[in-house]
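Please examine the sequence and the structure shown below. The paragraphs that follow lead through selected side chains and their surroundings.

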Amino acid sequence: MPAQSCLFLCLKDNFGVLVHDSETMATAAIDAPEAAPVEAALKRTGWQLTDILVTHHHHDHTGGIEALKSRHRCRVVAPAAEASGIPAVDETVREGDRVQVGSLEAHVIETPGHTAGHISYFLPADKLAFVGDTLFSIGCGRVIEGNPEMMWKSLLKLRALPDDTRIFCGHEYTMANISFAKTIEPANALLVAREQEANRLIAQNKPTIPTFMGEEKAANPFLRADVPEVAQSLGLAGKPTWQVFAEIRERKNRF
Ligand code: ZN
Ligand code: FE
């Protein structure tokens with residue numbers, strides 16, 4: 001049976017999301033920014049929390065873990081490389097590991113760069129990807145603990161997912177990301193289309209995600225550092241792709 005999901009806002013601009021397996025009734029929260037909105041989503045759906053799958057150690061992704069675990073006795077799965085910075089971890093995972101949520105299976109993809117041990121979760125049967133703060137809709141995370149080359153490689157791993165993969169990211173940053181993306185590729189018609197779509201969703205008080213990988217490949221400048229026209233417009237034709245990526249990231253930091 002297909003996975004069901006429930007998406008909601010936490011804190012200021014974090015997304016919380018529940019993934020539910022109606023066959024076994026298992027339910028995972030992907031990250032736990034804070035407990036109250038997760039509890040509210042559980043109440044709305046009638047689902048029982050069995051697992052928390054953590055993408056990285058930042059507090060805006062882990063602040064709700066302890067309260068949720070003490071109430072629901074759920075299992076906490078976290079990246080091995082930064083588990084020591086995450087509360088109440090039961091299981092650690094690495095590249096290629098499989099995580100079961102009831103009958104749903106998530107594959108672990110290591111996507112370092114934002115943090116040194118950041119991981120993403122991909123459910124191949126449902127083509128769902130939970131990418132934390134690595135990839136955003138029309139953006140990507142700040143490179144805090146890694147370096148641009150590492151982050152670019154992580155983005156390439158995500159870019160290799162099927163085009164019809166639905167991408168759930170950690171933050172609602174889409175509008176700001178689109179404003180910036182237009183400075184890199186002002187003539188990208190798909191960006192203009194995304195802006196209209198995002199405006200429409202926000203006017204209705206709806207989240208702008210999930211987004212599809214195919215759409216990100218067409219419009220997200222951080223996934224387009226190896227498009228020759230992009231490198232050329234930045235004056236970096238012929239340079240290593242990660243350097244083009246680094247320049248785009250640097251410009252966004254200053255934007
Ligand atoms: Zn983060
Ligand atoms: Fe975050």
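Rings of Phe, Tyr and Trp (its six-membered ring) pair if their centres lie within 6.5 Å; planes under 30 degrees apart count as stacked, over 60 as edge-to-face and the rest as tilted. This is a predicted model, in which local features need pLDDT of at least 70, side-chain atom pairs count only at pLDDT 80 or more, and totals for chains, interfaces and linings use all residues. Residues are numbered from 1 along each chain as its sequence is written, chains are lettered from A and ligands numbered from 1 in the order in which they are written, and side-chain values use heavy atoms, with hydrogens and water left out.

The structure holds 6 aromatic pairs. In one of them, the ring centres of Trp152 and Phe245 are 5.9 Å apart and the planes lie at 35°, so the pair is tilted. It links distant parts of the chain, for Trp152 belongs to helix α4 (residues 148–159) and Phe245 to helix α9 (residues 241–254), 93 residues apart; helices (H or I, at least four residues) and strands (E, at least two) are DSSP runs, numbered from the N terminus. Both Trp152 and Phe245 are buried, a term for under 20% relative accessible area, with exposed meaning over 50% and partly exposed in between (1.4 Å probe, protein chains only).

Phe180 and Phe222 form a stacked pair, at 6.0 Å centre to centre and 25° between the planes. Phe180 and Phe222 are also buried. Together, Trp152, Phe180, Phe222, Phe245 and Phe255 form one aromatic cluster.

Elsewhere, Ile167 lies in strand β13 (residues 166–168). Ile167 counts as buried because its relative accessibility is 1%.
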